Number of protein chains: 4
Amino acid sequence: MNRETEREADRRTGVWLIGARGNVATMAIVGARAIARGVTGETGMVTAREPVASLDLPPVDGFVFGGHDIAPESLVDRAERQRDRNGVPDGETLDAVREDLAEIDERIEVGTAVNCGAAVSADSEQVDESLAIRDVVNLIRDDYERFRERRDLDRLVVVNVASTEPELADPERYDTRDALERAIDEDDRDLPASVLYASAAMTAGHPFVNFTPSTGNALGGLRELAVEESVPHTGRDAKTGETLVKSALAPMFAGRNLHVMSWEGHNILGNEDGLVLEDEENAAGKLASKGDVLDSILPDIGHSRVRIDYTPSLADWKTAWDYVHFRGFLNTEMKMQFTWEGSDSALAAPLVLDLVRLIAHADEHGSGGLQPQLASFFKAPLGVDEHDFSRQLDRLYDYADRHS
Amino acid sequence: MNRETEREADRRTGVWLIGARGNVATMAIVGARAIARGVTGETGMVTAREPVASLDLPPVDGFVFGGHDIAPESLVDRAERQRDRNGVPDGETLDAVREDLAEIDERIEVGTAVNCGAAVSADSEQVDESLAIRDVVNLIRDDYERFRERRDLDRLVVVNVASTEPELADPERYDTRDALERAIDEDDRDLPASVLYASAAMTAGHPFVNFTPSTGNALGGLRELAVEESVPHTGRDAKTGETLVKSALAPMFAGRNLHVMSWEGHNILGNEDGLVLEDEENAAGKLASKGDVLDSILPDIGHSRVRIDYTPSLADWKTAWDYVHFRGFLNTEMKMQFTWEGSDSALAAPLVLDLVRLIAHADEHGSGGLQPQLASFFKAPLGVDEHDFSRQLDRLYDYADRHS
Amino acid sequence: MNRETEREADRRTGVWLIGARGNVATMAIVGARAIARGVTGETGMVTAREPVASLDLPPVDGFVFGGHDIAPESLVDRAERQRDRNGVPDGETLDAVREDLAEIDERIEVGTAVNCGAAVSADSEQVDESLAIRDVVNLIRDDYERFRERRDLDRLVVVNVASTEPELADPERYDTRDALERAIDEDDRDLPASVLYASAAMTAGHPFVNFTPSTGNALGGLRELAVEESVPHTGRDAKTGETLVKSALAPMFAGRNLHVMSWEGHNILGNEDGLVLEDEENAAGKLASKGDVLDSILPDIGHSRVRIDYTPSLADWKTAWDYVHFRGFLNTEMKMQFTWEGSDSALAAPLVLDLVRLIAHADEHGSGGLQPQLASFFKAPLGVDEHDFSRQLDRLYDYADRHS
Amino acid sequence: MNRETEREADRRTGVWLIGARGNVATMAIVGARAIARGVTGETGMVTAREPVASLDLPPVDGFVFGGHDIAPESLVDRAERQRDRNGVPDGETLDAVREDLAEIDERIEVGTAVNCGAAVSADSEQVDESLAIRDVVNLIRDDYERFRERRDLDRLVVVNVASTEPELADPERYDTRDALERAIDEDDRDLPASVLYASAAMTAGHPFVNFTPSTGNALGGLRELAVEESVPHTGRDAKTGETLVKSALAPMFAGRNLHVMSWEGHNILGNEDGLVLEDEENAAGKLASKGDVLDSILPDIGHSRVRIDYTPSLADWKTAWDYVHFRGFLNTEMKMQFTWEGSDSALAAPLVLDLVRLIAHADEHGSGGLQPQLASFFKAPLGVDEHDFSRQLDRLYDYADRHS
């Protein structure tokens, strides 16, 4: 068959989720299967809207899911817990995809949480921690390959949606492909799980998406590899709530030459993400990527801060309160406040599906390395300095126009 | 001297304000003179920021102010009242420009408020209401010309910053230049003041800015005139607060394919503008121009409403509360709220100065008719369908890049 | 059996709801039956908490429901619609009481909506509108009596939870029992439905609760009757959301001698109540009872306003934004804002059950006329000038202490 | 003259402020003198409102001010800085009292900041730190006495309005008068400044008010002394903003039997108080006293947290955002949010004057020890468990009624 004329709808796309039983993964799988079953629509998906919808993208209803996790709770149990606590998914939707979830759950392999911090690995089941790092990488890669073969996939996209790791100290020591390979060979115990997953994927040529603030493919050695081997990859830290609003609002202050003196952000959330971020080490990376947005758009900003607190009763809901104190003409001090109340997973899940579709498209078109057209999806987009949401979107639209 | 090589700094720009003793005009004059006196900066002015700052624009400190008004209160008294009630300008700034204000006040001529609604013309001093419409237009034009000659101006820009008029019924009857001229000749008593001011300015070739929701230069007959005579003009209804925020935020919902079910906006303000808008007739035009923004950016929006209420204690401060109810992936209902607390005049005044500078630039470069590059300044930009603030700004930046 | 020693638990209490298929009635019935079935608790019920819980009150699980309505939709259908749109009640709770609802639905008689305004009576089924008023009253009374006999009730409490009527003009013409009786006899077509229901109940000696802003038992003639015949009655307009908060917050400003210059309240809601209140006539009564609270607690208040708007997507949820502009020491102007997001029916329903229990208690103890100890339940408590929520509660607690 | 018949207006009341050049003290002095000069009113003062106004209280315009401080900045400079940064006091008011401030400034003695934490004592001037604790106490007492004699005062009230100290470890070791005296004699270096000031005042019989969360008169030994010597004292941590609102709102949730699952409070402020509270040690005491309110009123509360952050641009303004997540009937989850924007000093200052007047009244009437009628003024009222603002106020009103 002539590959050039084959459309994505006829090809099989595998989606391998690191953290496959977490909130975001569960909601992405539920959503994709609900779309496939015809019981929900595509609201919230960027790829369902023009001009992006005109691209030849792999259809969501054809996604074949698999993944790694260290949590013993099954996908069905997790989805039921989300239904009961958050009302999302609703009961009818869950019933429609319950069997799909059970089937997918059997394809989820035991993962690693090396250097993920104490908050993450409690009560977990992991690959043998005494294994050499090289062996762990090989195990992961074997999982990918076995999945690919057994499910007869044309392409496998790996997406990290696991809990946020503590920041890696001195990441520049892994700035080259050689240095990273050597570290793995020498059983370097500082490497965090996200790097092992990314390395296993990218050396095998699988497109990689880092949906989290963890290090993963941001490491210099992996970026070098991606360019040399023409593997598309992107990240990091998906922009779903408060930071999304900031990236839309801050340009307004800049565009009107209003001076922001203070921008305070206070986030409260009740899911596992919130619990992990109670741990200061795990929170550090998140806060770093959230902070870049304002400094980039408002270089003269006087003061900004982001707080993330765990409020158990909110379950998967995240509420942010932002307070912006700014000065205008004639030194007039003025204020803007907003609150944002969103379901963390319901905001994130469609972006996972969007990113799989779009990075598969890049892969199909031979575009390796970082993907600047995907900057609008991330708080700290790899390889892109632009944080203005509207300008980031323009890059995606330009890409869509070029390829349609 | 060769005009082509003369820079704007060496030329004299007149600024004629319709409603010259109102809040916005007073603050614009105070600000311009405070900049000239070196006691305040240019925060809040779009033209003070790159890339627009690179254009050869007439300097604010060289502006020569005049205008029409029907209010007997002097500029100095109005400015003192603003200081006492709003704290803007502060005492020191006002002291530095008090003499300038007194001098400018003597150049303010008695105006007309025909068809401006009962709320506007109370306690006012107007030109003889028994005069024929043609004679009123001539009087206005004579005021412009006398000012231009006496102050030895190279250019005169006319800006309407008067209170909002009731909407004009059946404006299409004035859709051609001929029809409008005929109506003036036949003493058509339906024509509102804003049209008379605009007509007098544009027939004499003066660039015209409509800062308000009133009809003015939006009339078909004047748009035809502007094209035929190459007079630059722009409007309408400056975007200073809630609508500005909407035009920055609504694209975020669109860009993420989130479905806005309801967008409620509630504005409370305490200045004369608020008092006039208590009158339902005067409010209609304002509400119309505010409404377009959401319908344009979010064509599928389920419901939206804007309320404007008069809250005397707020004086010149305007507070808006907006509530956005939207649906995302898996039918998840979510919410965003914001409040905006700004000084109406301090937000508007710098834009008056920006618009004078930018329309003078268009005039200098022979660009007549509507000015789409100025869309970002308006709630209902004449001749432009784009309401996304970021995209509107891009037009201005493109213009700046082309002319720098 | 000696009545004095019989406890309420052994007696049969009937609850007759005017508007028995509306949101509030449906939720009250669902809640009472869910308590009876052991699937929900008593959170939100004032009578479940000390010191009120110590009174000998009729138990909720023994309530026997009946009522009037003009809506054809069944109780089960309405409850399912509430579940689907609002998530309250949840599916499990509804399943547990579905059969109870179906049984109760059969006891709901066709009612009247005379003078209830156009917004209320659309698509309704009513008693023959050509009947004489006296005949309508008799029909209603017969419905009460038949229910009482068939269900073998010891006591029947009638509660008006129907949609808000337009205000009755010149209510003082019915200020005596005689005048009211004469008006009914002379077929006075100005009398609204709420008065007919109240009159039929109170002349038969049934305790009456007016949960709405409608006229009902507030009429002078009925108040006279209640005293003379020792019938306990109470109302009006249950305090469930924004006004509740006001009655708790306004005393704080008073207590600290802070001067409230403006208090703006903006309510948006999406249920039938909201739709009816879109009609200015129906809204008038509601706005009047909401307004009293601030004027009473803050006699020096400068300005206040309440807006109620219909926002369909909110369904049964009501969001209020209040903005309080106040002045403190040294003329310092300060601000407080709040938003309240509540389920209208879920807030109201437990108060219906509380009021039935408490007015039954008053009846049992021979206390006729108005019941000042119930003031905390109402926006415009009949016979009580106190609007401070805390002081109103103290009256209830004193009553409880006296009777325990 | 017979003391019994002498009215407070004829007697001389001295007010000694610990932290006399701080924000609160400065504003209290400015306010008292502005009242004396007739340029401001008594809005914000509880004692200016009935029923408290009927008590025979020392008039504010007769207060004679003095105090201790470690800051070198003069009262006039501080007041000017407040005017410029906060707009409170305004220029006219400050001009009217400038000379009074200069005169009072000369009566401010150098104080001690022993154990006040690093954040407090930077750039300060203090009494010789090598002095023995007993000598420091004596110096303080001598300052009090000299002031009393020189100004010919009938009574001296000492008020602590200094920055918050770190919490004292193991305060129970000073639980008796003897233990405390012994510790001072033995040069116990753990005793914080607030205890030394309180001890010096109370042993000399001066009424003492602790406006702050610092230890001061809360120590067991001083409480014993107050009872034995009949010295009136009160505290601690004046309730001026977010906690005041909480103490008015939380009873509403309790009164309606609504279950608060989470109550998040986020405070941002820009004054010295905020800077000091950036220091975790200094913040601990404040957070402790703020936390009691909710636990006391809502014993079943699921979760609560208070954050205090320093936002320099806010200067003396304090903004609080509170988010209340609660559950009502049928497990319905609902939400309330509020923001409070107040000038910290303008809210606190009138309470300083109120407390001086009211504790002088207690002293005049021979009422020693703690003063439960003053509970409404404090976040953690000494000797009172009631945190419901309305019930606290009732104690004050009962006191007023008893003594009027």
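Me: How do strand S10 of chain A and S10(B) pair, parallel or antiparallel, and over how many bridges?
Reply: This is a predicted model, and in it strand S10 (residues 333-343) of chain A pairs with S10(B) in the antiparallel sense, over seven bridges.

Me: Ok, and what stands opposite B:Trp340 there?
Reply: That would be A:Met336, which faces B:Trp340 in S10(B).

Me: How many residues does each chain bring to the A/B contact?
Reply: Chain A brings 64 residues and chain B brings 64 residues.

Me: And what area do chain B and chain A bury between them?
Reply: About 4,900 Å², with 62% of it on carbon and sulfur atoms. On the chain B side, the residues that lose the most area to chain A are B:Arg256, B:Phe329 and B:Leu330, which together make up 19% of what that side buries.

Me: What about polar contacts between chain B and chain A, how many residue pairs?
Reply: There are 19 residue pairs in polar contact, counting pairs with both residues at pLDDT 80 or more.

Me: Which elements of chain B supply the side that touches chain A?
Reply: Helices H1 (23-36), H9 (242-255), H12 (344-364) and H13 (389-403), along with strands S9 (317-327) and S10 (333-343), each supply at least two residues. S10(B) has the largest share, with 11 residues. By class, that side of chain B has 34 nonpolar, 19 polar and 11 charged residues.

Me: Switching to chains C and D. What rotation superposes chain C on chain D?
Reply: A rotation of 180 degrees with 0.0 Å of shift along the axis, at an RMSD of 0.0 Å. The two copies are therefore related as by a two-fold rotation axis.

Me: Which residue of chain C comes closest to that axis?
Reply: C:Phe338, whose C-alpha is 2.0 Å from the rotation axis.

Me: Why do you say the copies meet through the same surface?
Reply: Because 98% of the interface residues of chain C are also interface residues in chain D.

Me: Got numbers for the C/D contact, residues and area?Reply: The contact takes 65 residues from chain C and 64 residues from chain D. The buried area is about 4,900 Å², and carbon and sulfur atoms give 62% of that. In chain C, the residues losing the most area to chain D are C:Arg256, C:Phe329 and C:Leu330, together 20% of what that side buries.

Me: How many salt bridges are there between chain C and chain D?
Reply: The count is two salt bridges. C:Arg391 forms a salt bridge with D:Asp394, and the closest N and O atoms are 3.1 Å apart.

Me: And which residue is the bridge partner of C:Trp340 in S10(D)?
Reply: D:Met336 is the partner. The two strands, S10(C) and strand S10 (residues 333-343) of chain D, pair in the antiparallel sense over seven bridges.

Me: Last topic, the sheet in chain D. What's the strand order?
Reply: The order is S3-S2-S1-S4-S5-S6-S11, an open sheet of seven strands with parallel pairing. Its edge strands are S3 (108-110) and S11 (369-370) of chain D, each pairing on one side only.

Me: How many bridges join S5 to S6 in chain D?
Reply: Three bridges join strand S5 (residues 208-210) to strand S6 (residues 232-235), and the two run parallel. D:Phe208 stands opposite D:His233 in S6(D).

Key:
Residues are numbered from 1 along each chain as its sequence is written. Chains are lettered from A and ligands numbered from 1 in the order in which they are written. This is a predicted model: local features need pLDDT of at least 70, side-chain atom pairs count only at pLDDT 80 or more; totals for chains, interfaces and linings use all residues. Side-chain values use heavy atoms; hydrogens and water are left out. Contact means heavy atoms within 4.5 Å. Buried area is the accessible area (1.4 Å probe) that two parts lose on being put together, summed over both. A polar contact is a pair of N or O atoms within 3.5 Å; within protein, one must be able to donate a hydrogen and the other to accept it, and residues adjacent in sequence count only if both atoms are side-chain atoms. Helices (H or I, at least four residues) and strands (E, at least two) are DSSP runs, numbered from the N terminus. Ala, Val, Leu, Ile, Met, Phe, Trp, Tyr, Cys and Pro count as nonpolar, Asp, Glu, Lys and Arg as charged, and the others, Gly among them, as polar. Two strands pair if DSSP finds at least two bridges between them. Copies are superposed by least squares on the C-alpha atoms of residues with pLDDT of at least 70 in both. A salt bridge is a side-chain nitrogen of Lys or Arg within 4 Å of a carboxyl oxygen of Asp or Glu.
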